Amino acid sequence: MRSQETDRVFQSLEEFRIEIPSWGFANTGTRFGKFTQAAAATTPEEKFSDAGQVHLLTGVCPTVALHVLWDLPEGIQNTDKVNKLAARYGIRPGSINPNLFQDQVYKYGSFGNPDLSIREQALRHVKESIEIAQHLNSRDISLWFADGSNYPGTANIRQRKRWFEEYLRTSHAALAPYQRMLVEYKPFEPAFYHTDLADWGMSLLMARAAGPRAKVLVDTGHHYLSQNIEQIVAWLLSENMLGGFHFNDRRYADDDLTMGSIDPYQVFRIFNEILFFERETGKRADIAYMIDQSHNLKNKIEAMIQTVVMAQQLYSKAALVDHKKLAEAQNDADLLGAESILQDAFATDVRPAIQEWRASKGMPTDPLNAFRESGYLLRITKERAARSAQSVSSYA
Ligand code: LRH
Ligand code: MN
């Protein structure tokens, strides 16, 4: 007979799914360089293969996020191949990420660029990305804009805001009825004076201006250290404008470290606000849980499995919070009572219950260990060593 606690862990794991990023399997670095890994994925097929392994071993990441220029360099023409890869490796295309930051033409911005022809080029890329998503039966178009400026006075911030409203509205009109547009914000980098979509309020206003199927995407690394991210999450839920997350962790800025590696209680507090909202409203929030990390030093597949396992632990800990008792303690201003309800749930070791759940699903109780024993890494290291040795390691 399972304990009530174990039942809650089981129930939470039944509903929790998280999307993994194709770029998490590729060689990535910082401006100081890139330390290449022989086993890194460089082709869309290798990314689907690695993502398929993570889903096979964990069972909870059925979709992989794709970045258009990196995974579909020929655009629409690549969609048949991608659909075949999805079928072969047992993982479906997830959110589609247009790339409006890599091309030289975007030096002074994309939708915010003073040059009309470049704004129009950016719009064509977003529209093609929406069509690609339709060919892949993907629901979410995940938009992040590097647009901004590096020096005071060099940008008309209000004019750029009007252009963003216009082009996001036009993009929204191209969405199919089942699709959504997720608008991500970031306070700085690569722009270091102003960023056009710098915080949750700006993304919320832009999403509202774009249309009813536009929501806000919260990348946990895109906040100043002193910001209360779970309060932003609570407000976006209350406004019915929370569309999804890019989970990662950081000590300083947008470090894109593995989720829960620095501040696991932060993620727990976010999940707690979401489950509290769902318990209070009695309805599931329509949220895309996604990972957005760059694994510069850790083995990329192991880091991804570690992240999915950590996400399951933090989500099921949050599921142990008794929200009825919490609401009573809050109403009674019982500070210690309310606080300890969260701390007790967070301190609960849910790993035995999670392993029991995996066993009940016929999945390996320890996915990371199962991966290490699978021999997959050895095989791909041999297969890929020659190619990845060619990839450049220096930034400049
Ligand atoms: C920008 C960002 C965005 C992605 C990129 C890989 O910092 O978070 O979501 O497109 O990382
Ligand atoms: Mn992101």
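User: In which loop does Pro 190 lie?

Analyst: Helices (H or I, at least four residues) and strands (E, at least two) are DSSP runs, numbered from the N terminus. Here Pro 190 lies in the loop between strand 6 (180-184) and strand 7 (194-195). A cis peptide bond joins Glu 189 and Pro 190, with omega at about 10°. Glu 189 is not a glycine, yet has a positive phi of about 70°.

User: What should I know about the origin and numbering of the model?

Analyst: This is a predicted model, in which local features need pLDDT of at least 70 and side-chain atom pairs count only at pLDDT 80 or more, while totals for chains, interfaces and linings use all residues. Residues are numbered from 1 along each chain as its sequence is written, chains are lettered from A and ligands numbered from 1 in the order in which they are written, and side-chain values use heavy atoms, with hydrogens and water left out.

User: Is Glu 189 buried, partly exposed or exposed?

Analyst: Buried means under 20% relative accessible area, exposed over 50%, and partly exposed in between (1.4 Å probe, protein chains only). Glu 189 has 35% relative accessibility, so it counts as partly exposed. Asn 137, in the loop between helix 5 and strand 4 (140-143), counts as exposed at 59%. Asn 137 also has a positive phi, of about 55°, although it is not a glycine. Of the 396 residues of the chain, 55% count as buried.

User: Which residues does Tyr 106 touch, leaving out those up to four places away in sequence?

Analyst: Contact means heavy atoms within 4.5 Å. By that rule, Tyr 106 touches Asn 99, Leu 100, Phe 101, Ile 118, Gln 121, Ala 122 and His 125. Tyr 106 belongs to the loop between strand 3 (92-97) and helix 5 (116-135), and is buried, with a relative accessible area of 9%.

User: Which residues have the most contacts inside the largest nonpolar core?

Analyst: A nonpolar core is a set of buried Ala, Val, Leu, Ile, Met, Phe, Trp, Tyr and Cys residues joined through side-chain atoms within 4.5 Å. The largest one has 104 residues, and those with the most contacts inside it are Ile 20, Phe 245, Phe 271 and Tyr 289. Its largest share, 9 residues, comes from helix 10 (residues 300-318). Beyond its neighbours within four places in sequence, Tyr 289 is in contact with several residues, including Phe 16, Ile 18, Phe 245 and Tyr 315.
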